[in-house]
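Let's walk through this model one piece at a time.

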Amino acid sequence: MIVSRRETWLGRTMLILLMAVTILPFISLFVTALHPSGTYPSGLEWPESPQWSNFVDAFKVADMGTLLWSSFLIEIAVVPVSLFIATLAGFALGHLRPPGARIILVAFVLGLTLPREGVIVPLYYQMRDLGLLNTRWAIILPLIGLYMPFAVYWMRAHFVNMPEDISEAARIDGASTWQMFWRVHVPLSMPALSSLAILLFLWTWNQFLLAVVLVSDPAQRTMAGALGAFQGQWGTDIPLLCAGSLLILAPTLIVFLVFQRQFVSALLQGSLKG
Amino acid sequence: MNQRLTGRASARREDTPALGSPESRRRAIKARRLRRGGLALLLVAPAALAYIVFVLRPMAQSIQFSFYEWNGVTESTWVGLDNYAAILREPEMSGSILNAFQLIIYFSFIPVLLGLFTANTIRGFATSRLAIVSRTVLFLPQIIPLVAAGIMWSWLYASNGMVNQVLEAIGLGGVARAWLGDFDTALPAVGLIGAWVALGLCMLLLLAGMTKIDPALYEAARIDGAGPWREFFAITLPSLRQEIAVCVTVTVIAALASFDIIYISTQGGPGNRTLVPGLEIYRLAFFNREIGQASALAVALMALVLLVVLPLQRLNREGDS
């Protein structure tokens with residue numbers, strides 16, 4: 001490709017500028033977290049004596065251990081169940097195609113654009129009537145339902161594109177539909193499944209609205225919900241708030257840096273299909 | 001596909017005389033198809049159940065509640081369309097909807113336009129080391145919770161935060177202020193948080209779309225003497241229809257249904273300047289105990305999102321064909 005030198009330099013400068021704008025807020029958060037607790041420092045200023053102990057204090061006051069455990073419990077319930085039932089439905093709609101498959105799919109797709117605020121009020125009363133308010137179930141159950149439009153749509157799109165020869169071969173070998181599903185289709189779906197798992201993990205971890213409305217105890221919430229409560233309680237102590245925010249961000253950031261290639265491709269595909 | 005499979009299966013059984021006659025074969029095919037249909041519906045059932053109980057039923061209830069006046073405890077009274085009329089009448093609610101539409105400029109237009117521009121300038125070296133590092137960096141805002149973005153930026157916008165520090169450093173100390181507390185700047189400031197979150201995703205989506213365009217097209221255009229502008233409008237933009245539709249859809253929904261960022265950074269203030277429907281629904285339902293009114297606004301919000309997003313999907317589909 002013919003690219004002039006001037007254009008390359010312009011491009012490089014823009015990209016670096018864009019990266020700087022993206023990363024400076026994180027740096028500001030970090031250096032502020034190192035100032036003495038209770039002070040009111042300037043936005044970007046290295047402290048005279050970095051207070052690394054702020055992170056220990058924030059870990060204690062935010063009760064990070066409990067928060068991590070709570071988020072973990074929510075994830076472990078939401079992600080596998082959503083993956084499993086969405087894969088079953090996606091397989092049925094994309095591969096078996098029963099009569100009415102088209103209508104069922106449209107019904108699911110309708111939910112793709114739904115703002116969570118549209119159903120949050122009835123969900124509150126539903127959870128109250130079920131006696132689940134202020135328990136993790138109040139986040140887990142609605143989230144599974146709310147993920148269905150995207151997850152079913154995603155898995156159907158995957159199964160529709162699977163070549164039919166595969167199942168024909170299995171059928172000739174005498175496999176039942178169920179065996180064919182577990183032995184042939186699920187193993188071949190691993191890339192689609194793992195991308196979906198990453199997206200669901202991230203959305204659950206970062207879920208805020210459901211946590212704030214349905215669960216008042218931060219120790220039963222998701223990480224994002226707990227962060228909201230932490231801000232409400234320690235919002236005036238800026239260095240401590242910054243340290244706490246960084247701690248709450250750390251797990252996702254670490255997971256992201258380890259699996260960044262998978263994350264980037266999952267998010268790009270996820271928005272293209274959604 | 002059904003026919004082909006069942007056809008082959010019954011062909012294999014041709015040696016059994018009972019199944020050989022056309023009548024019984026037809027019956028066997030029909031039975032098999034029914035069985036498969038039944039199995040398929042059984043497999044859809046768990047997902048459908050979760051969807052119906054936790055999405056469709058609450059959705060229907062939102063519509064039902066919206067016709068009543070109800071405080072969540074005592075008897076409710078039927079008020080017809082009064083709650084909807086109130087949305088248009090009360091400046092607090094109509095204002096929240098207008099604010100949400102204004103946020104589209106920041107959440108959607110800025111990231112998409114800036115993303116297009118940047119992606120276009122770095123297209124030439126999309127596979128270089130710098131571009132690969134930039135992928136990781138630009139994705140950071142996408143993986144952190146919006147709440148965290150809100151907390152970070154509240155601090156950046158504070159009167160002694162980094163934004164004012166930078167302004168003073170470049171000699172613009174005169175415009176420094178507490179950005180989120182000022183009536184004129186609160187909404188744009190909140191909007192720019194959304195722009196910061198969306199920019200990386202939009203840029204990378206558009207860049208991914210651009211790398212799929214055949215480089216021969218650009219070479220041909222250059223040989224014909226087309227400048228960068230002609231090139232952009234004649235080749236790049238038309239090929240990116242689908243990606244642009246996706247970026248706009250995702251970000252417009254984020255703008256209209258925004259909640260997390262506003263809740264954390266301004267709580268709707270100062271003086272409802274940054275109030276959005278999501279936050280107003282939350283306030284009405286859980287602080288003012290006006291369930292009917294909150295539900296009417298929720299229904300209006302769902303309808304507005306559909307109204308804005310559906311035409312965009314048509315653009316997307318036309319781009320496919």
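α3(A) passes α9(A) in a right-handed crossing; a crossing is right-handed if the near helix is turned clockwise from the far one by less than a right angle, and left-handed if anticlockwise. Helices here are DSSP runs of H or I with at least four residues, numbered from the N terminus. This is a predicted model, where local features need pLDDT of at least 70 and side-chain atom pairs count only at pLDDT 80 or more, while totals for chains, interfaces and linings use all residues. Residues are numbered from 1 along each chain as its sequence is written, and chains are lettered from A in the order in which they are written.

Helix α3 covers residues 64-96 of chain A and helix α9 residues 190-205, and they pack at about 140° with axes 10 Å apart. Axes are lines fitted to C-alpha atoms over the stretch in contact, and angles run from 0 to 180 degrees between N-to-C directions. The pair is therefore oblique, the label left over once under 35 degrees is roughly parallel, over 145 roughly antiparallel and 65 to 115 roughly perpendicular.

Now for the chain pairing. The contact takes 82 residues from chain A and 85 residues from chain B, counting residues whose C-beta atoms, placed from the backbone, lie within 7 Å. Helix α1 (residues 5-33) of chain A gives the most to chain A's side, with 17 residues.

Finally, residues 137-155 of chain A are 100% helix and 0% strand, with end C-alpha atoms 25 Å apart. For residues 238-259 of chain A, the span is 95% helix and 0% strand, and the ends lie 31 Å apart.

Technical notes. Helix = DSSP H or I, 4+ residues; strand = E, 2+ residues; numbered from the N terminus. Contact = placed C-beta atoms within 7 Å.
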